[in-house]
Amino acid sequence: MRSDKNSHAPFALKVAAAAGLLFMHLPILLIFVYAFTTEDKSYQWPPPGLTLKWFGVTWNRPDVWESLALSVKVASISTLVAMILGTLCAAAVSRSQFFGRETISLLVILPIALPGIITGIALRSAFNLADIPFSMWTIVLGHATFCVVVVYNNAVARFRRTSRSLIEASMDLGANGFQTFRHVILPNLATALLAGGMLAFALSFDEVIVTTFTAGQQATLPIWMLEELVRPRQRPVTNVVAMVVVLVTFLPILLAYYLTRDGDQVAGQGK
Amino acid sequence: MTQTAVSFCNVSRHYGPVKAVDDVSLDILGGEFFAMLGPSGSGKTTCLRLIAGFEQPTSGSISIFNQQMMDVPPYRRQVNTVFQDYALFPHLNVADNVAYGLMIRGVSKNDRLKAAEGALELVRLPGYGARKPSQLSGGQRQRVALARALVNQPKVLLLDEPLGALDLKLREQMQEELKELQRSLGITFVFVTHDQSEALSMADRIAVFNHGQIMQVGSPREIYHSPKSEFVADFVGSSNILPRELVNKLVGRDQPASLRPEAIRLVSEGGIEAKILNVSFLGASTKITLQMKDVTLHMLADNEPASLTVGEIVRVDWDKSSLHLMEIPHV
C-alpha cells in the first residue's frame, strides 16, 4: 500500500526508521573505513590514520587471488548447473501434470528453508559414505542445492505468466518443440533466468556454512576471510577483500531487481 | 464438385468421464465459411483444437484434404489458427510476429518481411510492423493475429471466438471484413462462436453443438427457419416452443413445434386469444410477451402497435408455414 503523498509521517516514526537503517548499514560502512586504516594489528576507533597501501598489499597476496578465483569458479559453475536444472524443473512442474508434482515442487524449494548447517552436515556425511574426495566439485554440489531453488522460483513465476497459447501459436505456425523453445520460450524466460542466475551467483559467492562442510583444503573467499580474522597482522587486507565481496554480490542483486521489478518478485533473497 | 476440406469420422474426445466431443461426424467443404456454434462447454472449441492438432481424438479419425491426421503434430498441418487471446509473441514486434511462420520455414529476412507487410496491408494495418503487440488496441491485435495466420497461406483457417473480446461496433465491422476476406481468398474458414447472430450473418453453413454432439448442420436459413430440435430453436434466436399438446390441438400432430417471434401477428378477428403480459419498446421493433393458454409467447412487431396495455386480451395468428414441427426429444 502506498500512503498519500501529502500526508507526513510523525517525527518519531522518521527517527525510528532512520535508526533502523543506520543500525543495519553503519557496521558495513565501518568495515569500509577499516580498509583505509594505518593500524594493522587491532581495530582501533577512530583509525589513527588513513592510507591506501592495503589495496596494494592485497593485490600482491597470492592467497587472495587463489581464493577469489576458486569462489568465482564455484559460483559460476553452480549457477550454470542451477540454471539448467532449475529451468527444466520449472518447465516440468508448470507445463505438465504428473503424479507427485506438488511434492517435487516442495522438495526443490526445501533446501533454501533448511538451515545451511544441516545441508552441510548431510552432504559431508553423504560424500564420506560414497567415498567422494572433497574438491571444488563437492563445493559446487553443495552450492547447487540452494542455487537451483532461486532459479526455479524465478522461472516458475515466469512460466506461470506466459500464456500457454503462445506455445500453441508457435507450433501452429510450423515450429517444432526445439524451435518453439528457442524462439518463444527462451526469449520470454530470459530476464527471469538472468535474475535467478545473478541471485544464485551472489548466494554462492558469499556462502560460508555449506562450504565449510563440503570443502577439503580449498578456501573460497568467505572462508579465507574467516581464517584471516584470527591473524594478528595485515588485518585491513580482509577489509579490502570484504569491500570487493560486497560490491561483487550487491551489484548483481541490484541488477536482478531492476530486471524483474515489473511483475515478478525476486524470489529467494531470504537465504 | 467441391473437395472436402476437413472430415470428422465418428470423432470422440474424452477427458476421463467427460465427453467433450462425443461421436461427431462432419464434413467441412473446401472454400466454405463454416461456423461451429454452441454454448460454452459444448465441444466446439475442442473440435477446433482437434483440427489444429492440439488435441488427439480418443476415438475416430480426422482428415484434412483427404490426408489422415492421426499422429500428425500441429506444426506439420497446413492449418493456422487465430487464437481467442490472439497469442501474439510479446517479445517480437508486429512484423516479426506476422513473419514468424515464414522464419520457421527458412524464408530469407527480406522476403518474409515483405510478405508480412503484404499481409498487414490485407488486414488494413500497413506500416504497423515496427510496433510491439502491447502498443496495439484489441482490434488491431486481432488483425495482426489474422495476418500472422494468413501469411502462411493455410488450407484451412481456424478462428477461435476471434471477435469475442471486441466491442459491438468493432465486432460488426470485423464480421464484414472477415467475410469479405474469406470470399476473396477462397480459403476454408472454420469459425467457433457462441454468438448466434455472428454465425448466422457470416457462415455458409453452421453446426450447432451441445454436450459434445452436433445437434444440426445446415445453412443459416435452415438452422433459423427449420430447427430440428428444441435446443437449436431456443439457442439460435429466441424461438417460441409450443408443447406437443398445443400443437396437437392446433394442427393435429403430436410433436413440439417452434414459432419465430416475428412470425406472430396481431389480428382483429380469428386466431387465438392471448393476454398481454409485457410490452417493451426496442427501437426498430417492439417485443410483446403474451400468455396464450398456458404457454408464454414472445412476439416481435415491426412498428409499435397502437395502445397496447398490459393485461389486455388480444388475438394472435401466424402463417401455417411458420410453425415448425420438431423431433420429439428422446429422453
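These legends walk you through a few close-up views of a predicted model. Residues are numbered from 1 along each chain as its sequence is written, with chains lettered from A in the order in which they are written. Local features need pLDDT of at least 70, side-chain atom pairs count only at pLDDT 80 or more, totals for chains, interfaces and linings use all residues, and side-chain values use heavy atoms, leaving out hydrogens and water.

**View 1. Where chain B meets chain A.** Here 21 residues of chain B are in contact with 19 residues of chain A (heavy atoms within 4.5 Å). The two chains bury about 1700 Å² between them, 62% of it on carbon and sulfur atoms; buried area is the accessible area (1.4 Å probe) that two parts lose on being put together, summed over both. In chain B, the residues losing the most area to chain A are B:Y75, B:Y100 and B:I104, together 34% of what that side buries.

**View 2. A salt bridge between the chains.** The count between chain B and chain A is 1 salt bridge (a side-chain nitrogen of Lys or Arg within 4 Å of a carboxyl oxygen of Asp or Glu). A:E168 pairs with B:R49, their closest N and O atoms being 2.7 Å apart.

View 3. The model has 0 disulfides over all chains (a disulfide is a pair of cysteine sulfur atoms within 2.5 Å). For A:C147, the nearest cysteine sulfur, that of A:C89, is 15 Å away. A:C147 counts as buried because its relative accessibility is 0% (buried means under 20% relative accessible area, exposed over 50%, partly exposed in between; 1.4 Å probe, protein chains only).
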